[in-house]
Amino acid sequence: MSRPLLDISGLSKHFGGLRAVDGVSFHIQPREILGLLGPNGAGKTVCFNLISGVYKPTAGTIAFDGRRTDGLAPHVIAGLGIGRTFQIVKPFAQLTVLENVLAARGIHRYPHLSKVWSRWRTPAEKREALGLLERVGLAGLAGRRAGLLPLGNLRRLEIARALAVGSKLLLLDESFSGLRHEEIAQLEALIRAIRGDGLSVLLIEHNMRVAMGLCDRLVVLDHGRKLAEGRPAEVRADEAVVEAYLGRKGSAHAA
Amino acid sequence: MSGYLVTLATIIAINAIVASGLNVIVGFAGQISLGHAAFFGIGAYTAALLATQAGWTFWAALPCVIVLTAFVGLLLGIPSLRVREDFLAITTIGINFIVEAVFNNFEFFGGALGIGGIPRVAVFDLKLRGTEFLCLCLAFLAVVIALCGWLTRCWAGLACFALREEETAAASVGVSPVRFKLLAFVIGTAMAGLGGALYAHFMRFISAGDFAFPLSVSLLSMVVVGGIGTLWGPILGAILIGVLPEVFRPLIDYRILFYTTLLLLMIRFQPGGLLGENSAARRVLARILPGGRP
């Protein structure tokens with residue numbers, strides 16, 4: 001087996017007494033689509049925030065492309081080639097759709113103070129950004145103010161922005177939620193195409209049909225711990241997973 | 001032009017320089033500052049001390065004034081990395097009061113008597129007075145506007161806009177919040193330093209009260225009324241805030257009433273400022289200049 005692109009080992013994040021993520025280990029191979037599943041509050045988004053540097057882990061290690069990244073700042077981690085979206089969308093609302101993507105295209109300039117003084121509105125940059133918008137199907141709205149877009153379009157805009165940053169790994173946090181049926185099919189095709197380009201994708205998803213159909217492997221979290229890991233068919237058959245989602249058979253508290 | 005009008009225009013030009021600097025911090029990078037008058041004052045006091053104590057010319061002192069003010073701006077910008085929004089506003093107010101108190105109480109800064117006897121600016125042997133000094137201020141204002149315009153077009157500016165809109169998202173696309181917030185503070189306070197140096201050599205007498213908290217509010221009003229985050233907003237704001245008190249002079253007892261009404265009308269009808277997004281002025285401009293973003 002090749003060296004994993006992202007290797008997470010014994011990862012924990014405690015907020016006071018709350019163990020949001022508690023000793024979780026998993027890895028992602030190059031060109032793999034890995035689904036992170038679990039009931040609400042299982043620690044999925046906290047995991048994302050640990051990987052992308054928004055939080056620093058209480059314990060455990062994260063290695064990306066053979067390099068320790070736990071404890072690095074978010075903008076440094078982004079510079080390594082990890083793009084991400086947000087569960088609660090965070091567009092640059094006053095900027096246009098195109099400018100949102102252009103802002104992300106500055107990723108390799110921002111670390112060098114000498115490189116940030118040139119123009120960003122160049123034809124070449126515009127072409128590249130439009131190409132990314134084309135991929136997510138937003139090219140027609142390039143001149144629109146991002147804050148005016150409906151949720152589904154904002155989710156796609158965040159993917160375009162993440163694509164401008166993430167040359168190796170994309171973290172997609174519930175990108176399918178709020179999308180219509182045909183939009184879901186388009187996004188599934190896009191994620192497969194992204195993998196075809198050689199990227200790995202880690203996605204948080206609540207839509208079981210999507211997660212089962214799209215992901216190569218699934219990792220299921222519950223109460224901050226890893227409950228199960230494996231191919232979709234294995235995970236679906238896992239009793240612990242069924243219990244976490246539906247409750248114990250005959251339990252008075254069953255959902 | 002009468003001396004009165006020249007004086008008014010000079011003050012407006014200096015205020016426009018300082019307000020443009022504040023706009024870089026507040027409008028471009030989204031870091032609220034209610035202490036900008038402090039940096040205006042640091043620039044003015046540095047220029048005044050270098051001129052009266054060290055005997056430097058305006059031109060020799062100017063680079064030092066700008067660098068020193070920007071350096072203090074860098075130091076005092078550090079709180080913006082830890083506190084946000086309302087808390088940052090209160091912190092910057094605090095900075096304003098501290099700086100004013102230092103000027104007022106330390107003998108080195110002239111204490112309550114201020115600093116007088118600041119010489120006029122000279123170009124070769126010509127001492128600039130009245131209209132000539134106004135032209136100097138307008139030339140510096142042009143440079144400041146050009147710099148601000150450049151900032152909106154370069155990657156550093158785009159990084160600041162991203163920070164203003166969404167800090168977490170900006171970091172996720174590689175924008176270091178620390179670096180670009182401090183960059184905005186340094187550029188904005190450097191412009192305040194320039195304005196301060198001009199002010200000191202224009203008034204030729206300065207005291208701590210000139211740079212008190214109400215001036216910070218006034219500067220922020222210029223930015224907000226004109227159009228926060230726009231290139232020309234702070235200039236329009238400086239003109240309006242400078243001219244209106246003169247126009248309303250006969251109604252001096254009702255001045256606060258006028259201000260308040262103006263402010264309420266702005267909030268209700270032009271929340272982005274007179275030149276802000278979706279403002280009436282901008283819609284008219286867009287009709288005159290089709291396809292262009294004014």
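Strand S3 (residues 33-37) of chain A is largely enclosed by the rest of the structure, because 5 of its 5 residues are buried (a residue is buried if 20 or more other C-beta atoms, placed from the backbone, lie within 10 Å of its own, exposed if 12 or fewer, and partly exposed in between). The model is a predicted one, in which local features need pLDDT of at least 70 and side-chain atom pairs count only at pLDDT 80 or more, while totals for chains, interfaces and linings use all residues. Residues are numbered from 1 along each chain as its sequence is written, and chains are lettered from A and ligands numbered from 1 in the order in which they are written. Helices (H or I, at least four residues) and strands (E, at least two) are DSSP runs, numbered from the N terminus.

In a regular strand the side chains alternate between the two faces of the sheet. Both faces of S3(A) are covered, with Ile33(A), Gly35(A) and Leu37(A) buried on one side and Leu34(A) and Leu36(A) buried on the other. S3(A) pairs in the parallel sense with strand S8 (residues 200-204) of chain A over 4 bridges (pairing requires that DSSP finds at least two bridges between two strands). In that pairing Ile33(A) stands opposite Val201(A) of S8(A). Strand S9 (residues 217-222) of chain A is also a parallel partner of S3(A), over 4 bridges, and here Gly35(A) faces Leu218(A).

Most residues other than glycine have a negative phi. With 16 other C-beta atoms within 10 Å, Asp65(A) is partly exposed. Glu174(A), also not a glycine, has a positive phi of about 55 degrees and sits in the loop between strand S7 (169-173) and helix H6 (181-196) of chain A. Glu174(A) is buried, with 20 other C-beta atoms within 10 Å.

Turning to chain B, the axes of helix H1 (residues 3-28) and helix H5 (residues 130-153) come within 9 Å and cross at roughly 20 degrees (axes are lines fitted to C-alpha atoms, for helices over the stretch in contact, and angles run from 0 to 180 degrees between N-to-C directions). H1(B) and H5(B) are therefore roughly parallel to each other (angles under 35 degrees count as roughly parallel, over 145 as roughly antiparallel, 65 to 115 as roughly perpendicular and the rest as oblique). The residues of this contact divide into 18 nonpolar, 5 polar and no charged (Ala, Val, Leu, Ile, Met, Phe, Trp, Tyr, Cys and Pro count as nonpolar, Asp, Glu, Lys and Arg as charged, and the others, Gly among them, as polar).

Helix H2 (residues 36-52) and helix H8 (residues 177-203) of chain B have axes that come within 7 Å and cross at roughly 50 degrees, so H2(B) and H8(B) are oblique to each other. Their contact has 11 nonpolar, 8 polar and no charged residues.

Between the chains, 18 residues of chain B are in contact with 28 residues of chain A (contact means C-beta atoms, placed from the backbone, within 7 Å). On the chain B side, helix H6 (155-165) and helix H7 (167-172) are the elements that give two or more residues. The largest share, 7 residues, comes from H6(B). This side of chain B divides into 11 nonpolar, 4 polar and 3 charged residues.

Technical notes
Contact = placed C-beta atoms within 7 Å.
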